[in-house]
Amino acid sequence: MSSARHFGLTVGQLPTGPHNAITDVAGVMVGHRTLSGNGLATGVTAILPHGGDLFRNKVRAAVEIINGFGKSAGLMQVAELGLIETPILLTNTFSVAPCMEALIRRAVGANPAIGRETSTVNALVCECNDGAINDIQAMAVTPQDAFAALDGAASGPVEQGSVGAGCGMTSFGFRAGIGSASRQIGIADASFVLGALVLSNFGRAGDLILPDGRRPDPERLPQAEKGSIIVVLATDIPLGDRQLQRVARRAGAGIASLGSFWGHGSGDIAIAFTTADHVAHKPKEAFQSIGRLDDDQIDKLFQAAAEATSEAVLNAMCAARATVGRDGRSFPSLADWLAAFAPGT
């Protein structure tokens, strides 16, 4: 699996985590279910903030809507309450419903009181349109596919490129999909991590700007920006939901650094969560204390969010292989372009 660094492309200055992936944040796991062949190029990607019962032990979170052209589910309650209580599923635009069903059924199975003796559950699903490659009208994704992605979630290296929800995605005229990256942050003599995972499906052909200033040409005429990107940021630094939203907002800086202007038809959404301070579904005390970073230190996270987002997109594009879309359009591989047009050649 190629990565941006394989081709000498480095983003920013902060060091990466051991796997240069969102799973460098302890406890975070990622799983995929890929559907490919017979006109299909789609799937599901699952991000688990921790391996326990998220409904009973929620994580603090926030949402930043960079450009709101999208059909995701569950974002409104995360924005209002600052909590995530299910895994995050990524899929194509027409498959949000079966992924929601899977999350609800999984939560109810673990907590039969949901919707009866206690509250309902906020299933969190985000999407991008893979219809340029995938037969999206087939609506092939089922709850069982979502279960497979959830059950396959693991820590360690993250499979990237045209896999899971990213199977049919494109960016800047090239094949794209799932990408991940991480940054290590030192604060008060302690080491922390911020990781990013992206579902990259945005960017107008010809607009991509690499960290070294080159502008890859996918040999396609530029079209209106109608793609999308979902960015999921995770950290082990204690943060309040207001701070998490500010961190999520900086994903936009990472997107823009690659040449995107967040077009009218682009759905650009960032979710940020921290694993540092779980919130019980029913706290034992009326008043709760939380740990949070002093705002004077938060610039380090802003930098990490921008760098990790940008590199995650490049990793998605470098790991994805060339393909031909439904209407015969070719989507080349950025890795092939980088190999053919290496500096000095």
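Author: Happy to. Let's begin with a term: a salt bridge is a side-chain nitrogen of Lys or Arg within 4 Å of a carboxyl oxygen of Asp or Glu. With that in hand, here is a case: Arg5, Arg183, Glu307 and Glu311 are linked in a network of salt bridges. Keep in mind that this is a predicted model.

Reader: How many salt bridges are there in the whole structure?

Author: A search turns up 13. The general idea is that side chains of opposite charge can pair when their charged atoms come close.

Reader: What makes Glu64 and Arg249 a salt bridge?

Author: Check the distance. Their side chains meet at 3.3 Å, N to O, and the cut-off is within 4 Å, so the pair qualifies.

Reader: Why say that this pair ties parts together?

Author: Look at where the two sit. Glu64 belongs to strand S3 (residues 57-68) and Arg249 to helix H4 (residues 241-249), so the bridge ties together parts that are 185 residues apart in sequence.

Reader: Are those two buried or exposed, or something in between?

Author: Glu64 has a relative accessible area of 13%, and buried means under 20%, so Glu64 is buried. Arg249 comes out at 37%; since that falls between the 20% and 50% limits, Arg249 counts as partly exposed.

Reader: What about Arg204 and Asp207?

Author: They form a salt bridge, with their closest N and O atoms 3.0 Å apart. Arg204 is at 30% relative accessibility, which makes it partly exposed, whereas Asp207 is at 12% and counts as buried.

Reader: On to the rings. Why is the pair Phe172 and Phe202 called edge-to-face?

Author: Two steps here. The ring centres are 5.1 Å apart, and rings pair if their centres lie within 6.5 Å. The planes stand at 70 degrees, and anything over 60 counts as edge-to-face, so that's the name the pair gets. Phe172 is buried at 1% relative accessibility, and Phe202 is buried with a relative accessible area of 1%.

Reader: And why is the pair of Trp337 and Phe341 called tilted?

Author: Their planes are 35 degrees apart, with 5.1 Å from centre to centre. Under 30 would be stacked and over 60 edge-to-face, with the rest called tilted, so tilted it is. Trp337 is buried, at 13% relative accessibility, but Phe341 is partly exposed, at 46%. By this rule there are two aromatic pairs.

Reader: What makes you say that Arg250 lies over the face of Phe302?

Author: Arg250 is at 3.7 Å from the ring centre, and the distance limit is within 6 Å, along with an angle limit of within 35 degrees of the ring normal. Lys58 does likewise over the face of Phe55, at 4.2 Å from the ring centre.

Reader: Now the sheet with the order S1-S2-S5-S6: why are S1 and S6 called edges?

Author: This is an open sheet of four strands with mixed pairing. Strand S1 (29-37) and strand S6 (124-128) each have a single partner strand, so one side of each is left without a neighbour in the sheet. From one strand to the next, the twist averages 15 degrees.

Reader: How do you know that S2 and S5 pair?

Author: Three bridges join strand S2 (residues 40-48) to strand S5 (residues 88-92), and pairing takes at least two, so they pair. The two run antiparallel. One example: Thr45 has Leu90 as its bridge partner in S5. Helix H2 (residues 96-110) lies across S2, S5 and S6.

How values were computed: Residues are numbered from 1 along each chain as its sequence is written. This is a predicted model: local features need pLDDT of at least 70, side-chain atom pairs count only at pLDDT 80 or more; totals for chains, interfaces and linings use all residues. Side-chain values use heavy atoms; hydrogens and water are left out. Axes are lines fitted to C-alpha atoms, for helices over the stretch in contact, and angles run from 0 to 180 degrees between N-to-C directions. Contact means heavy atoms within 4.5 Å. Buried means under 20% relative accessible area, exposed over 50%, partly exposed in between (1.4 Å probe, protein chains only). Rings of Phe, Tyr and Trp (its six-membered ring) pair if their centres lie within 6.5 Å; planes under 30 degrees apart count as stacked, over 60 as edge-to-face and the rest as tilted.
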